Amino acid sequence: MVRLLPVLLLLASTASLADTVPEAPRAAAPVALRMAAPEAHQGAASDGEYVYAIDNDRIGKYRLSNAEKVDQWKGERRLFPHMNSCTVVQTKLYCAASNYPAVPQTSAIEIFDTRPLRHSGSVSLGFGPGSLTVIDRHDGKWWAVFANYEGKGGEPGRDYRYTVLARMDEQFRIEQTWAFPEEVLARMAPKSCSGLSWGADGLIYVTGHDRPELYALRLPEAGSRLELVETFAIATPGQAIDWDPKARRRLWSIARDRREMVASDIPEVAPKR
């Protein structure tokens, strides 16, 4: 019994931490559009005219106006074992990639031309503070999430609590990093952050791996831990996300089990009382 006590205390601590985050509102954000896409396994990204369905080693390009598939790319699985979140910058698609679930963790940024859709470059990040799951562009900087896991894909001595948001320069060199809110990490456990996209309101919107929830975060005034602002219920469970640049408050995500890309209209963040 004495040997079990530390484990029981750890489990109790983790459970109580998860309970500190209120459950997301019962009603999920309304769905504006669903698009079938066999590549919708890791995430979705949009440039406002097209939406891209992301899988580990393939991408489908779909026209928003009629859901028509207009282009596709397929890579070698040995070179593209795990692509995740992507973002469109001008006519290029930047995608976070890693060797998940292999360890030690290595990461890269894979770059695609969108007209036509083809792989055009790769930036190796090598070993880092975790497994790269997110790349985003905001305020003249690159923003990345290096995920850590408890169990599969994790490295000894680091679990989901070591997940970090990194700000990077033009050469993808890390300038600063921030830890995630403890209450959000507990909701993501034992997995990690799978999606992140900066909002036009200056907040950082984040999803985990499994829960149908969206977390609005902000950079702290001081210290090194992001702050939770609000939690939203959404129609899809976790995975990579992207704001539609032409439709206000419209967020793209995926329903992995249905192989769909889903556009949800997210409510405005409630004002402070």
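This is a predicted model: local features need pLDDT of at least 70, side-chain atom pairs count only at pLDDT 80 or more; totals for chains, interfaces and linings use all residues.
Leaving aside neighbours within four places in sequence, the contacts of Leu 196 are Ser 85, Val 134, Asp 136, Val 145, Leu 165, Ile 204, Tyr 205, Val 206 and Ile 241.

**Nonpolar cores**

Leu 196 also belongs to the largest nonpolar core, which has 18 residues. Leu 196 is among the residues with the most contacts inside that core, together with Leu 165, Phe 180, Ile 204, Val 206 and Leu 217. Five elements each supply at least two residues of this core: strand S11 (141-147), helix H2 (182-188), strand S14 (195-198), strand S15 (204-207) and strand S16 (213-218). The largest share, three residues, comes from H2. A second, separate core has 15 residues, including Phe 80, Met 83, Cys 86 and Leu 117. In soluble globular proteins, nonpolar side chains tend to be buried together.

**Cysteines**

Cys 86, a member of the second core, also takes part in a disulfide with Cys 95, with an S to S distance of 2.1 Å. A disulfide is a covalent bond between the sulfur atoms of two cysteines. The count for the structure is one disulfide. Because the torsion about the S-S bond of Cys 86 and Cys 95 is about 110 degrees, this disulfide is right-handed. Both Cys 86 and Cys 95 are buried.

A disulfide requires sulfur atoms within 2.5 Å. Cys 193 counts as buried because its relative accessibility is 1%.

**Salt bridges**

Side chains of opposite charge can pair when their charged atoms come close. The whole structure holds 22 salt bridges.

| Salt bridge | N to O distance |
|---|---|
| Arg 63 and Glu 68 | 2.7 Å |
| Glu 76 and Arg 78 | 2.8 Å |
| Arg 249 and Asp 201 | 3.2 Å |

In the pair of Arg 63 and Glu 68, Arg 63 is partly exposed at 25% relative accessibility, and Glu 68 is partly exposed at 38%. Glu 76 is partly exposed, with a relative accessible area of 43%, whereas Arg 78 is exposed at 64%.

The pair of Arg 249 and Asp 201 links distant parts of the chain, 48 residues apart. Arg 249 lies in the loop between strand S18 (242-243) and strand S19 (250-255), while Asp 201 lies in the loop between S14 and S15. Arg 249 is buried, with a relative accessible area of 11%, and Asp 201 is partly exposed at 36%. Elsewhere, salt bridges that share partners join Arg 34, Arg 258 and Glu 260 into one network.

**Cavity**

How many cavities of 30 Å³ or more does the model contain? The count is one, and the largest cavity has a volume of about 30 Å³. Its lining is formed by Arg 187, Met 188, Gly 208, His 209, Asp 210, Arg 211, Glu 213 and Tyr 215. H2 and S16 are the elements that give two or more residues to this lining.

Notes
Residues are numbered from 1 along each chain as its sequence is written. Side-chain values use heavy atoms; hydrogens and water are left out. Buried means under 20% relative accessible area, exposed over 50%, partly exposed in between (1.4 Å probe, protein chains only). A nonpolar core is a set of buried Ala, Val, Leu, Ile, Met, Phe, Trp, Tyr and Cys residues joined through side-chain atoms within 4.5 Å. Helices (H or I, at least four residues) and strands (E, at least two) are DSSP runs, numbered from the N terminus. Contact means heavy atoms within 4.5 Å. A salt bridge is a side-chain nitrogen of Lys or Arg within 4 Å of a carboxyl oxygen of Asp or Glu. On a 1 Å grid over the protein atoms alone, a cavity is a set of points where a 1.4 Å probe fits but cannot get out, and a pocket is an open set with protein on both sides within 12 Å along at least five of seven lines; lining residues have an atom within 4 Å of a point. Grid points are joined across faces, edges and corners, and a volume is the space filled by probe spheres set on the points.
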